[in-house]
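Take a look at the sequence and the 3D structure below.

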Amino acid sequence: MARNLLRPARFDDLGLRRALGDRMLLLLVAAMAFLAALALAGVVGVRALAAHWQEGAGSALTVQVPRPADQEGGQTRIARVLAVLHDIPGVASARKLSQTELAELLRPWLSDGAELMAIRLPAVIAVRLAAGAPNPEQLGARLAAAVPGTLTESHGMWVQRLSLLAGSLQACAWLALAVVAAVAAAVVAIATRAGLAARREAIEIVHGLGATDGYIADRFASRATGLAAIGGGLGALAALPVLLVLARLAAPFAAARPEAAADASGLAMLAALPPPLWLTLPVLPLAAAAIGFLTAQVTVRRWLRRLP
Amino acid sequence: MECVGLHYRPAGGNRAGHEVLRDLSFDIPEGGFRWLLGPSGAGKTSLLRLLHLAIRPTSGRLTVMDTEVGDAGRRALPALRRRIGMVFQDFRLLPHLSAYDNVALPLRIAGRPEGQIRADVTETMRWVALDKKAKSRPAELSGGEQQRVAIARAVVGRPVLLLADEPTGNLDDIQAERLMVMLTELNRLGTTVIVATHNDALVTRHPGPALRLNNGRLLASG
């Protein structure tokens, strides 16, 4: 490596500074990196949402108790259900929703009139399960045996459907990412081929002077790597404001940091971006550089096979 | 260096092609000198390209510096080429590099340390009397000066085999004479030298063994 350090930094024997069109390649790679950043945001965002749903809903049950105030065996029905729930190991919490909370739940369907309407609403108990809890069917059966008419609804089905949806969305985002990477590789390959055609004579001369394929490929690859890295950085930077706006829009759903979502100041906005995205954004220029390096190496080495 | 039974059709174009060289057989001992003579189109340049490993023979066996070129893999050739100096008829200098960088190119490709490169290139450029034009680009040099840059580039790596295609084509008689003195000196130091020319006066002044080509055939050797 020492001898390479001694090589004059601006020594450009193949004249690639002019041949490997920098502006176009830079712009195209930047565009690819921008798209990749959006796709990455999709992957990260959907995963966060899915995790949030699963965490929130996977361990939750809703128990409906019709006619809660009726007496049964010396207790109100609701008190009996709560007592049974408290006796079951693995039930982390069982909380009866207040009248206002119920009204809040029903508001989308019944508007503000829910409380005023003469519907006898069942009491609703929100149950959180910890590890070691019986499965929802067993639990439901025990409650129904103790207090007939009790309905236990697990959110598992919805979580399953949402997980499937989230999985498909994530797969789409990964696919988009792969397509973007492939297009970036194609762009670099085309630029490299144009550079090879433009510098054919110089390459033949250098080849005739005993340059190995590796020597020539390294020349192209280092230029392509540099341009792709800069392009990737520019694309990632350009995507940042878009991602911040998206993160702000998504914040209420993920409810990860509601306070950050509410605060529109710059710093809080930066904080709204999920940490995995902060980790992956700097990877974009590196990934672009890797694509540039590998593509240029492969393209040049394949092209050089035509020389003896 | 020996070259046994050589039969070559140009690469590219139609498969049959036309034969440029036919059944050449000759042997040049290490440290030997040969004129390569013959009219234009006789195949002198093709023979030099073969010896420079720029093309491979289509038939026959070509051995350059103990390496059988037909059998050698692509990876083996660059190291071999670095031991061969070639002066092209059309110079083939890199137009965007200075004369100095053009001469330094073979050494940089060989990965020599920059300090040694500076010493060798400076000395070689002085040898061809171009030390004052080190920073000029080929376009700023006369034909004769460009030819001398090409010669300097061919000899700077102290090649084992030196091939020259019409090296005096752009030189006046005095410069041509100087070049012949340089080539003789290199030959005396152990470099095998093959010079293609149709400058008969030069050959008369510097008699030596010759390979005579005509129409792709070897008429005389030695």
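Which residues does B:R178 touch, not counting residues up to four places away in sequence? B:R178 touches B:W127, B:V128 and B:A129. Keep in mind that this is a predicted model.

Stay with B:R178 for a moment. This residue lies in helix α6 of chain B, which covers residues 173-188. Is B:R178 buried or exposed, or something in between? Its relative accessibility is 42%. Buried would need a value under 20%, and exposed a value over 50%. B:R178 therefore counts as partly exposed. Now look back along the chain to B:T168. B:R178 and B:T168 are 10 residues apart in sequence. In space, their C-alpha atoms are 10.0 Å apart.

Next, the aromatic rings. How many aromatic pairs are there over all chains? The count is 1. The pair is formed by B:F33 and B:W35.

In chain A, A:R219 lies over the face of A:Y215. The distance to the ring centre is 4.3 Å. In chain B, B:R92 lies over the face of B:F88. Here the distance to the ring centre is 5.1 Å.

Now turn to the place where the two chains meet. On one side are 27 residues of chain A, in contact with 23 residues of chain B. The size of an interface is often given as the accessible area lost when the parts come together. Between chain A and chain B, the buried area is about 2,200 Å². Carbon and sulfur atoms give 61% of that area.

Which helices of chain A each supply at least two residues of the side that touches chain B? They are α1 (2-6), α8 (200-208) and α9 (213-254). Helix α8 of chain A gives the most to that side, with 7 residues.

Definitions and conventions:
Residues are numbered from 1 along each chain as its sequence is written. Chains are lettered from A and ligands numbered from 1 in the order in which they are written. This is a predicted model: local features need pLDDT of at least 70, side-chain atom pairs count only at pLDDT 80 or more; totals for chains, interfaces and linings use all residues. Side-chain values use heavy atoms; hydrogens and water are left out. Rings of Phe, Tyr and Trp (its six-membered ring) pair if their centres lie within 6.5 Å; planes under 30 degrees apart count as stacked, over 60 as edge-to-face and the rest as tilted. A charge sits over a ring if NZ of Lys or CZ of Arg is within 6 Å of the ring centre and within 35 degrees of the ring normal. Contact means heavy atoms within 4.5 Å. Buried area is the accessible area (1.4 Å probe) that two parts lose on being put together, summed over both. Helices (H or I, at least four residues) and strands (E, at least two) are DSSP runs, numbered from the N terminus. Buried means under 20% relative accessible area, exposed over 50%, partly exposed in between (1.4 Å probe, protein chains only).
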